[in-house]
Structure formats: structure tokens, C-alpha cells
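Visitor: Please take me through one part of this protein in close detail. I would like to look at the packing inside, and then at what surrounds it.

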Amino acid sequence: MANRLKQVADHLREQTKAAKMSDTVSAERWEAVPLAPPDSIFKLTAAYKADSHPNKVNLGVGAYRDDDNKPWVLPVVKKATQILLNDPTLDHEYLPITGLPEYTAAAARLVFGKDSPVIKEERVTSVQTISGTGANHLGALFLSKFYGWNEKRVYLSDPTWVNHHAIFPLVGIPVSTYPYYDPQTIGLAFPAFLEALKAAPPRSVFLLHACAHNPTGVDPTREQWGIIADVMLQKGHFAFFDCAYQGFASGDLENDAWAVREFARRNVPLLVCQSFAKNAGLYNERVGALHIVAPSKDAAARIKSQLSVLARAEISNPPAHGARLVSLILNDDELFEEWKRDIRTMAGRIIDMRKELHRLLTEELKTPGNWDHIVNQIGMFSFTGIGPAQSQALVEKAHIYLTSNGRISMAGLNSHNMRYFATQLDKAVRGEL
């Protein structure tokens, strides 16, 4: 009986102690977590979808649309999907940590060229990633841990894809910008770009867009790329290539890989972040790869071992379906040729839209200013050169959705909405909206 009374007394004491602690200690209620602003592009898309205006136009999203403003599943992707569906050997087992080997090997050959010395000498480490975003993140994480920094910092073009500004600080790499776009010429600020390369500390990391610069559509010429490579070598800089539009820019896979291949040929230290979202239309399959060029086969093996550790901790291993689709296309001669035709279809339509917009603005509407940049720029996006106030007027008064910096997705234009957009742009430029 005495023991039982002692147990009850001890229990009551613990309850009293817990009650006192509850007055001073509370469970986390996340009251201090601030509300993050919505992503600007996705916010723009949501506003477009909610708009009931019959002439509304969405020029914000970076996804291809056909002439009827519909998403386009590439015919070659449909064919590859049927092949996979009818393959009795496929299962749902885990892929290796670094991805589907036949996919990563083919992806490396695509961007570097099958006859590249870095491929033949087995100096490329390739890892499957969650599209280009995952490649950027994994590349940044690897550099954060293993790069021999003089000053831990990455240099991004001004402007650049907005997500670059989020990816690098997340892994502890501060961000600076280098001059890239000249609003006066609506072109490349090449002299200022070169000065930034020369002024940066030795062994600095510069993020470069391999082709179809996002968001400006302004690319260096081959001669300018050569000069950039000269300075990179002189200063010992590292090239962090983001390659999201190979083939999609010009319609030619070889042409759009030229800068990467030239840098690799000249032994500029580099890595490449690769995506098949745009050029294969596999936006939601998240098919990407990270390729790091090493000075030797042995170094490539060591790099891959560390990338495997990093990938294992984050995603364990990558998804299979999209990688299998791309692997089929890249490794089958017939499918590969069909894919190249599909790419030319997409790139060709966008180039046609550039020409028609330029014609309407210059020949029919006589819109004030020089509009040659519309046809001189390349890829999905175009910097129109209009300012925030004009962009806002187009959104609010014309129901044309574009970003505040005047960037438009050329893929959002078609034969049905082109004239409406051109006339409204003309009014915005003239201050008549």
C-alpha cells in the first residue's frame, strides 16, 4: 500500500512539473515563418488562366505551343512511348544513383560530340538530374564543397534565369552579376562583359548560357565566344554552362552546342547543365544531366564518386520514364533523325513568328524605334526593349501577359494572335494604350 501511495505521489509531482514547464516552453507553431512571394512566372500564368477576355495572350511561360496555342507532344516522343509500353522487359526497379547509364552516355555525346576528345578519353563525368534545375543545383553543390575558390562567389549574367539567383545561395555560394545585356542597343554588352571577366579574381566561376540566352535571346557570336574563352583561360576561370535549349535555338543540334564544344576543345575548365524539357517537350518528366569535364579519367572517376554521394543524399536515385524515352531517341538512328525533324518544326515556327512580328512592326505599323533585335535574337524568348510601365499597360489594358522587364515568349505567338499583339505593342510604344 505504501509503494502504491508513493507511485501516485510521484505521478502527481511529474504532472505538476510538466504543467509548470508548459507555461514557459511551447511546441513550435511556425508563427515566425513569413509568407513567401509567389513565383512571378507562375503568378503570371495563373492570372492569364483567370482572365476571361477573348483576346488574352500568354507570353510569359517558357513552354512551346503550336499554331493553335496548344501544347505539342513531339511525334517522336509518342513513338518512343509506344515502344516502351510494349517492352515486356521493363520494370520499376531503382535506377543506379547516377542514373540510366545509356541515357547519360548518349546525353554527353549529344552536347560534346561523339568524336570529342573529352568523350574518347573518358574525361566526362555524367549524372542524371531532375531536369536542368536539378543539374544546376547539383553542379552548384559540388562546386560549393570541392572547388578551390579564391573567393567563393558565382558570377551570373545581368539578367539571367531568375532561378539561378535562388539556386546558388541555397548551397552557400554568394552571387554577383556581370554586364550582359545593353538596353541601348538591345544587344550584347560585350566590352563590359569582357571587362568583368578580366576584373574578377582568378579562378572565378562564371555561369554562361550555352545558347538562346534566357531571358534576352541575345547570344555572343562565335568570334566573341572565342575571345571569352581566351580570357577565361588567361584568368583560370571556370565555365558553368547552362544548356537548356540545344537544338531549340536554331533548329540545329550541332550549331547550338558550338560554344560548349569549343570551350571543351580548348580545355577551358567547365561543367554543363543539360535539359530535355524544351527540345524534347518533356517538361513534366524532368529529364536532365550534369556533365563535369575532368583533366583525366582518374579524376572523372573521383568526381563521379562524390556526385553519387550528393545525389544519394538528396534524391537517392532518379526517375526512369523520361530518361528511357530520351535514351531511346538518342540511341536509335531512325528515332534520332525524326527527333531532329521535330526540333526543326519547333524552332522553325518560332523563327517564323520573329519574322512576322518584325514585318508587322516595321512595314505595316511603322512602330517607332528599331525592331531588328526581334529577328537578331534567338530561341524561345525575346527582350522587346519596352519598359515596366509599357509592359504593365499591356497586361492590364490589352490582356497580354508578359514579364515586367519586357520579355516575351515567342512560342506564345501564333497566326491567330500575332496581329492583335503587334497592334497593342505598337500602341504601348506610342503611349496610346
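Guide:
**The largest nonpolar core**

The largest nonpolar core has 60 residues, and Tyr103, Phe276, Trp339, Leu357 and Leu413 touch the most other members. A nonpolar core here is a set of buried Ala, Val, Leu, Ile, Met, Phe, Trp, Tyr and Cys residues joined through side-chain atoms within 4.5 Å. Buried means under 20% relative accessible area, exposed means over 50%, and partly exposed is in between, with a 1.4 Å probe and protein chains only.

This is a predicted model: local features need pLDDT of at least 70, side-chain atom pairs count only at pLDDT 80 or more, and totals for chains, interfaces and linings use all residues. Residues are numbered from 1 along each chain as its sequence is written, and side-chain values use heavy atoms, with hydrogens and water left out.

At least two residues each come from helix H3 (75-85), helix H4 (101-112), strand S10 (287-293), helix H13 (321-331), helix H14 (333-364), helix H16 (388-398) and helix H17 (418-430). H14 gives the most, with ten residues. Helices (H or I, at least four residues) and strands (E, at least two) are DSSP runs, numbered from the N terminus.

Now take Tyr103. Leaving out residues up to four places away in sequence, Tyr103 touches Gln128, Phe276, Val287, Gly288, Ala289, Ala323, Val326 and Ser327. Contact means heavy atoms within 4.5 Å. Another core lies apart from the largest one. That other core has 39 residues, among them Phe112, Ala239, Val268 and Phe383.

Ser327 sits in helix H13. Its relative accessibility is 7%, so Ser327 counts as buried. Beyond its neighbours within four places in sequence, Ser327 is in contact with Leu100, Glu102 and Tyr103.

H13 also packs on H14. The angle is about 100°, and the axes are 5 Å apart. Axes are lines fitted to C-alpha atoms, for helices over the stretch in contact, and angles run from 0 to 180 degrees between N-to-C directions. H13 and H14 are therefore roughly perpendicular to each other. The cut-offs are under 35 degrees for roughly parallel, over 145 for roughly antiparallel, 65 to 115 for roughly perpendicular, and oblique for the rest.

Which residues in H13 and H14 meet? From H13 come Leu328, Ile329, Leu330 and Asn331. From H14 come Asp333, Leu335, Phe336 and Trp339. By class, this contact of H13 with H14 has six nonpolar, one polar and one charged residues. Ala, Val, Leu, Ile, Met, Phe, Trp, Tyr, Cys and Pro count as nonpolar; Asp, Glu, Lys and Arg count as charged; the others, Gly among them, count as polar.

Next, the surroundings. Helix H11 (residues 258-265) has six of its eight residues buried, so H11 is largely enclosed by the rest of the structure. The buried ones are Ala259, Val260, Arg261, Glu262, Phe263 and Ala264. Asn267 follows H11 and has a positive phi, near 60°.

Then the cysteines. The structure holds zero disulfides, a disulfide being a pair of cysteine sulfur atoms within 2.5 Å. The closest cysteine sulfur to that of Cys211 is in Cys243, 5.1 Å away, which is too far for a bond. Cys273 is in no disulfide either, and the nearest cysteine sulfur, that of Cys243, is 9.4 Å away. Cys211 is buried, at a relative accessible area of 5%. Cys273 is buried too, at 0% relative accessibility.

The peptide bond from Asp158 to Pro159 is cis, with omega near 5°. Pro159 lies in the loop between strand S3 (154-158) and helix H7 (164-170). The bond from Asn214 to Pro215 is also cis, with omega near 20°. Pro215 lies in the loop between strand S7 (205-209) and helix H9 (222-235).

Positive phi values turn up in loops as well. Arg203 is not a glycine, yet its phi is about 65°. Arg203 lies between helix H8 (190-199) and S7, and is partly exposed, with a relative accessible area of 37%. His399, also a residue other than glycine, has phi near 65°. His399 is in the loop between H16 and strand S12 (400-401).

Finally, the whole protein. There are 17 helices and 13 strands. Buried residues make up 51% of the 433 residues. The C-alpha trace spans about 105 × 60 × 55 Å along its principal axes. Of the contacts with a separation of 6 or more, 74% join residues 24 or more positions apart.
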